[in-house]
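I opened my notebook to look through this chain step by step. Here is what I looked up.

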Amino acid sequence: MDDIRQDITIRAATQADLEPAAILLRAAGLPVDDLRPGMLALAAESKGRLVAAVGLETLGSVGLLRSLVVANDYRNSKLGKELVIRLEDRSRQIGLDELWLLTIDADAWFEKLG
C-alpha cells in the first residue's frame with residue numbers, strides 16, 4: 001500500500017511479539033489480561049521494533065478480530081487499515097465464513113473501513 005511508510009514490514013506474528021504487543025496495548029489503554037500465545041495474527045515492525053499488531057481468535061468458521069493496536073508515532077499512516085485488510089484476506093484463506101469485531105472505543109474508525 002503506497003501510504004504506508006517504507007520502513008514498515010508486515011509479517012505473521014510470532015511468540016516473540018506477544019510481550020511487545022502487550023506493551024503497545026497497555027500504552028493504548030486496551031486490555032491485555034486475556035492475551036495469550038497464538039492469538040496474534042499479524043505484526044508490523046520498523047527497524048526491529050514492533051509498531052503494530054492485530055489478533056485473530058477463531059471458533060469453527062467464525063473469527064474474531066481483536067487487539068488491533070498501532071504505536072502512537074505510527075498512527076495516521078494507514079497501518080491499522082492495512083492490518084485489517086490483510087487480516088480479512090487471511091481469514092478468507094483459512095476458510096472463515098465470518099469475521100466479527102468487539103471494540104471498546106474504535107467503532108467509528110472501523111465503520112469508516114466498511
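**Entry 1: the strand pairs.** I started with β2 and β3, which run antiparallel and are joined by six bridges. I took helices (H or I, at least four residues) and strands (E, at least two) as DSSP runs, numbered from the N terminus, and counted two strands as paired if DSSP finds at least two bridges between them. Leu-40 has Gly-55 in β3 as its bridge partner. In the hairpin of β2 and β3, two residues lie between the strands, and Lys-47 there has a positive phi near 55°.

Next I followed β3 to β4: this pair is also antiparallel, with seven bridges. Here Thr-58 stands opposite Gly-63 in β4. The hairpin of β3 and β4 has two residues between the strands as well, and Gly-60 takes a positive phi near 65°.

**Entry 2: notes on the model.** This is a predicted model, where local features need pLDDT of at least 70, side-chain atom pairs count only at pLDDT 80 or more, and totals for chains, interfaces and linings use all residues. Residues are numbered from 1 along each chain as its sequence is written, and side-chain values use heavy atoms, with hydrogens and water left out.

**Entry 3: the whole chain.** I found three helices and five strands, in the order β-α-β-β-β-α-β-α along the sequence. Of the 114 residues, 40% count as buried; buried means under 20% relative accessible area, exposed over 50%, partly exposed in between (1.4 Å probe, protein chains only). For contacts I used heavy atoms within 4.5 Å. Among contacts with a separation of 6 or more, 62% are between residues 24 or more positions apart.

**Entry 4: helix α1.** Which residues of α1 are buried? In this helix (residues 18–27) I listed Leu-18, Ala-21, Ala-22, Leu-24 and Leu-25. They lie on the same side of α1, because they cover an arc of only 160° around the axis; the arc is that of the directions from the helix axis to the C-beta atoms. A reminder to myself: an α-helix has 3.6 residues a turn, so residues three or four places apart point the same way. The cover over the buried residues of α1 includes β2 (40–46), β3 (49–59) and β4 (62–70). After α1 comes Gly-29, with a positive phi near 75°.

Entry 5: I then looked at the largest nonpolar core, which has 33 residues. Such a core is a set of buried Ala, Val, Leu, Ile, Met, Phe, Trp, Tyr and Cys residues joined through side-chain atoms within 4.5 Å. Leu-79 and Leu-83 touch the most other members. At least two residues of this core come from each of β1 (8–12), α1, β2, β3, β4 and α2 (79–93). β3 gives the largest share, six residues.

What does Leu-83 contact, leaving aside its neighbours within four places in sequence? I noted Ile-10, Leu-42, Ala-52, Ala-53, Val-54 and Leu-68. Leu-83 is one of the buried residues of α2, and the others include Leu-79, Gly-80 and Leu-87. Just after α2, Gly-95 has a positive phi of about 90°.

**Entry 6: Ser-67.** My last stop was Ser-67, in strand β4. Is Ser-67 buried or exposed? Ser-67 is buried, with a relative accessible area of 18%. Not counting residues up to four places away in sequence, Ser-67 touches Leu-25, Leu-35, Ala-53, Val-54 and Gly-55. The C-alpha atoms of Ser-67 and Leu-30 are 7.7 Å apart, while the two residues are 37 residues apart along the chain.
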